[in-house]
Amino acid sequence: MHPRIEDYALIGDEQTAALVGMDGSVDWLCLPRFDSGACFARLLGDQENGNWRIAPLDADRCTRRAYRPGTLVLDTEWETDEGAVRVTDLMPQRERAPEVVRIVKGLHGSVTVRSTLRLRFDYGSVMPWMRKAHGHRVAIAGPDSVWLRSEPSVHTWGEDFGTHSEFTVKAGEKVAFVLTWHPSHEPRPRLVDPYGTLRDSVADWQAWSARCRYDGPHREAVLRSLITLKALTYAPTGGIVAAPTTSLPEEIGGVRNWDYRYCWLRDATLTLSALVSVGYHKEAAAWRDWLLRAVAGAPADLQIMYGVAGERRLPEFELPWLSGFAGSAPVRIGNGAVKQLQLDVYGEVMDALWLARRAGLSPKPHMWSLQGKLLEWLRAHWRLPDEGLWEVRGGRRHFVHSKVMVWVAADRAVRTLEEYPELAGDLAGWRALRNEVHRDVCERGYDPQRNTFTQSYGSRELDAALLLIPRCGFLPADDPRVVGTVDAVREALGQDGFVRRYDTADTPVDGLPGGEGAFLACSFWLADALHMTGRTREARELFERLLKLVNDVGLLAEEYDPLAGRQLGNFPQAFSHIGLVNTALVLFGDDTAG
């Protein structure tokens with residue numbers, strides 16, 4: 001049986017990440033960065049596309065697994081007829097080279113364990129040349145080099161284009177494996193002590209987790225979401241990837257498979273709000289600084305997403321040698337939506353920088369000047385149709401959410417000048433823009449017969465992004481038009497109590513065949529909107545249902561299929577975990593970021 005998406009756990013070093021299955025197999029790992037080529041790509045193909053499995057001989061799925069409290073260190077245990085064994089997986093925060101450390105420990109009895117390593121560089125397409133050197137196994141192909149060693153040394157041999165090790169552990173005995181990557185033209189990095197890195201990693205993660213200020217209900221779920229966001233952060237720049245994977249399907253067997261290993265501006269405000277509200281100001285400042293660097297330049301060139309270091313060219317292409325997760329092809333690298341026009345991202349940037357200023361993050365000298373340029377471009381171009389928040393590929397429209405976020409951009413500029421009068425800006429002109437956009441949305445984006453805002457001007461379709469109207473302050477939550485919109489979205493887009501982004505039945509908007517699951521971030525938005533419109537009991541009931549969707553180690557993908565009872569889409573998904581944190585704050589905590 002093909003693993004489910006939720007069968008995986010995450011380990012990482014804040015520059016890249018790996019997915020580890022319940023069978024003890026590392027099935028996805030890109031080196032050295034999140035968006036580099038994968039050396040293990042079994043996730044999107046089969047074992048001939050690369051994986052690294054450590055498990056008891058002849059064993060299948062583990063008996064149990066869990067993260068060590070407050071960490072990204074994963075313990076996986078098997079109970080067998082001969083005894084019990086634990087495999088501890090981690091990626092220590094790197095000094096220079098990325099490493100995967102896997103420590104096998106006997107718990108009781110005497111258990112024979114097999115390690116099988118199949119390295120396949122460039123997304124499972126390149127088989128490396130293997131050799132022995134100084135007791136290590138060395139793989140080289142083009143720019144990539146990987147070293148594998150064990151402490152103590154164990155019986156290792158090559159067979160069937162893989163590297164195999166087999167050994168027996170009794171209670172208390174340990175064998176550690178270390179896999180190290182480096183550019184092939186450079187010398188091997190210095191050796192690390194696997195047991196020391198385990199101690200240090202546990203201590204570092206637990207010290208970071210202790211800074212979390214949230215102390216309300218479901219703290220474990222909130223903290224796990226925050227640890228996941230930390231793991232999806234590219235530490236050198238502060239950028240946060242949407243997910244560490246590409247092409248995990250939104251429909252099993254379907255074509256809605258996209259590369260999410262990049263940083264989206266749509267996540268800016270909600271991410272910043274989550275980090276600031278629970279006490280992670282340093283991480284929030286790093287994300288703000290990444291944002292400022294990424295969007296620097298001509299306002300007309302603002303993109304919806306960037307690479308982890310702010311790269312702008314993310315060309316999309318397909319990998320025909322990979323069959324896709326559970327046969328869901330194509331597998332895509334890069335993202336063609338990068339060149340779309342999405343007016344909402346201007347509002348996201350303005351809102352995030354407004355929030356950062358209010359939260360006390362030290363402003364950068366050029367920040368306000370950049371904001372002014374963005375708003376002036378928006379004032380001249382806000383009437384254009386765009387592709388909208390969901391990156392539709394079926395043609396541009398006047399999406400209501402995009403226009404609402406234009407209003408947000410103008411509103412935050414006005415409020416900044418009102419609170420900080422020493423700053424220069426066209427206060428009267430921006431107030432006029434704010435009023436004009438508000439009037440336009442209420443006249444052209446609202447259906448008075450049904451008492452709801454619509455997906456786009458003149459359409460009858462609805463969109464879950466409309467649930468954000470009260471959160472961003474476009475209208476008060478008790479406005480009848482807001483209440484009507486929340487009810488209409490829930491009725492039209494509800495799926496077993498959760499929420500889809502929009503109706504894909506006849507593909508009128510996105511131009512793609514097939515469907516998708518309930519969108520988890522939108523379902524969290526519904527909980528927020530229910531609470532804001534005075535239905536807190538219903539909001540908390542929905543939140544409780546959403547919490548039951550996390551997998552056994554607390555992770556969420558992008559979507560959920562209520563009929564099949566399985567997670568869908570790239571995994572783990574930052575947007576889903578941001579939604580979990582922010583909804584917990586709305587329902588149970590004080591949102592100190594406002």
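Visitor: Why are α12 and α13 called roughly antiparallel to each other?

Guide: In this predicted model, the axes of α12 (residues 520-532) and α13 (residues 536-547) cross at roughly 160°, and because angles over 145 degrees count as roughly antiparallel, the two helices are given that description. Their axes come within 7 Å, and the crossing is left-handed.

Visitor: Which residues of α12 and α13 meet?

Guide: On the α12 side they are L520, S523, F524, L526, A527, L530 and H531, and these meet T536, E538, A539, L542, F543 and L546 in α13.

Visitor: What makes α4 and α5 roughly antiparallel?

Guide: Helix α4 (residues 268-277) packs against α5 at an angle of about 160°, with the axes 8 Å apart; that angle lies over the cut-off of 145 degrees, and the pair is therefore roughly antiparallel. The crossing in which α4 passes α5 is left-handed, and the residues that meet are A268, T271, L272, L275 and V276 from α4 with H281, E283, A284, W287 and L291 from α5.

Visitor: What makes the pairing of D89 with R102 a polar contact?

Guide: The side chains of D89 and R102 are joined at 2.6 Å, and the limit for such a pair of N or O atoms is 3.5 Å, so the pairing qualifies as a polar contact.

Visitor: Why is Q567 called buried?

Guide: Q567, placed in strand β28 (residues 566-568), has a relative accessible area of 2%, and since the cut-off for buried is under 20%, the term applies to Q567. The side chain of Q567 reaches the backbone oxygen of L549 at 3.0 Å, and among the residues that Q567 touches, not counting those up to four places away in sequence, are I5, E6, V550 and Y560.

Visitor: What span is expected of α2, and what span does the helix reach?

Guide: Helix α2 (residues 194-209) has 16 residues and reaches 22 Å from its first C-alpha to its last, close to the 22 Å expected at 1.5 Å a residue. At the start of α2, a side-chain oxygen of D193 comes to within 3.1 Å of the backbone nitrogen of Y195.

Visitor: What covers the buried residues of α2?

Guide: The buried residues of α2 include P194, W205 and W208, and what covers the buried residues includes β8 (83-90), β9 (99-118), β12 (144-151), β15 (174-183), α3 (219-231) and α5 (281-295).

Key. Residues are numbered from 1 along each chain as its sequence is written. This is a predicted model: local features need pLDDT of at least 70, side-chain atom pairs count only at pLDDT 80 or more; totals for chains, interfaces and linings use all residues. Side-chain values use heavy atoms; hydrogens and water are left out. Helices (H or I, at least four residues) and strands (E, at least two) are DSSP runs, numbered from the N terminus. The expected span of a helix is 1.5 Å times one less than its number of residues. Buried means under 20% relative accessible area, exposed over 50%, partly exposed in between (1.4 Å probe, protein chains only). Contact means heavy atoms within 4.5 Å. A polar contact is a pair of N or O atoms within 3.5 Å; within protein, one must be able to donate a hydrogen and the other to accept it, and residues adjacent in sequence count only if both atoms are side-chain atoms. Axes are lines fitted to C-alpha atoms, for helices over the stretch in contact, and angles run from 0 to 180 degrees between N-to-C directions. Angles under 35 degrees count as roughly parallel, over 145 as roughly antiparallel, 65 to 115 as roughly perpendicular and the rest as oblique. A crossing is left-handed if the near helix is turned anticlockwise from the far one by less than a right angle, and right-handed if clockwise.
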